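Hi,

Here is the structure I promised to pass on to you. My notes on it follow below.

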Amino acid sequence: MKRAQWQGWGPGEQAEQHYLVEPRHLAGGGDLRHVSEFLRASGWRDKTKSGGLLFLESPDRTIRLAYDPSVLPGGWTIHGAATAHQDAWWVNLGRQTPVEIVAGLTDALTRPLSAHAPNVWAPLQEQRWRTPPAAQHVTAISPDGTAWLQFHQDPGGQAMWWSGARDQQGNGWTASFSATTPMHLVQSFSAALASDEPVMRPRGRVPHSGQIRTTSVSVLPSQLSAWQQARITAARAATWARNSVKNSRPRTTARPHAHTGGARTHR
């Protein structure tokens with residue numbers, strides 16, 4: 001079907017009702033493409049099988065991301081393989097983790113490391129999250145008391161990061177991070193978790209919760225498409241820039257010498 005024939009496009013398109021939801025951590029899961037399309041545009045390999053769970057792999061094949069709603073508790077799983085400078089690590093995020101918060105972490109997987117040392121607690125402190133002094137584990141709690149981030153260590157020395165959100169009706173999600181998860185990823189997650197920016201959800205996809213605030217907005221389908229495309233375009237541009245810099249760097253080692261007239265061995 002041509003775009004001109006589609007009633008939702010062009011001059012005759014109809015505005016659709018959406019809602020800006022805050023706090024964002026109680027907004028519900030959202031559109032998975034917010035996460036997956038950005039990674040695809042950043043060069044990640046899509047290994048999703050027809051009708052199967054979402055499965056993506058980083059360009060260097062060291063990180064794998066999957067989303068599976070069919071198992072309990074279901075949701076996002078991210079695994080990082082051990083490398084020369086990093087131990088193996090993992091992250092699990094529940095199905096109702098807002099995609100904007102998931103993307104806080106997954107977008108960071110596509111960016112080079114910052115020269116500054118990460119501080120997981122700084123984004124939370126900036127948004128006035130409180131740290132109970134008598135807590136058994138180092139914990140930060142949102143001003144409304146519905147979200148938390150905790151560094152948990154048991155008597156046996158096992159450590160992990162634990163986060164989540166829950167309203168008075170029991171709706172919510174949890175997320176767990178291995179102690180070996182790179183700190184800059186945990187910080188990126190905490191920044192997205194603490195952000196006071198509302199997130200958008202279409203009508204019918206807003207959780208029933210007495211602890212969220214909603215603002216009704218009318219949005220054209222073309223506007224939604226443009227916003228989504230801008231995010232994808234930014235990912236492609238950043239990927240192109242990184243690859244251009246990488247390919248323009250001078251070689252620091254000489255190529256293996258090949259004898260003139262000698263036979264070449266192909267492996």
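The buried residues of helix α4 (residues 183-194) pack against β6 (89-94), α2 (99-108), α3 (122-126), β8, β9 (159-166) and β10 (172-178). Contact here means heavy atoms within 4.5 Å, and buried means under 20% relative accessible area with a 1.4 Å probe, protein chains only. Among the buried residues of α4 are Leu185, Val186, Phe189 and Leu193. Helices are DSSP runs of H or I with at least four residues, strands are runs of E with at least two, and both are numbered from the N terminus.

Please keep in mind that this is a predicted model: local features need pLDDT of at least 70, side-chain atom pairs count only at pLDDT 80 or more, and totals for chains, interfaces and linings use all residues. Residues are numbered from 1 along each chain as its sequence is written, and side-chain values use heavy atoms, leaving out hydrogens and water.

One of the partners of α4, β8, spans residues 147-153 and runs antiparallel to β7 (residues 138-141), with 4 bridges joining them; strands count as paired if DSSP finds at least two bridges between them. Ala140 stands opposite Leu149 in β8. The two strands form a hairpin with 5 residues between them, and Gly145 in the turn has a positive phi of about 75°.

There is also an open sheet of 3 strands, in the order β11-β1-β12, with antiparallel pairing. β11 (199-202) and β12 (213-219) are at the edges with a single partner strand each, so one side of each has no neighbour in the sheet. β1 (residues 16-22) pairs with β12 over 7 bridges, and Glu22 stands opposite Arg213.

Best wishes

Key
The expected span of a helix is 1.5 Å times one less than its number of residues. Buried means under 20% relative accessible area, exposed over 50%, partly exposed in between (1.4 Å probe, protein chains only).
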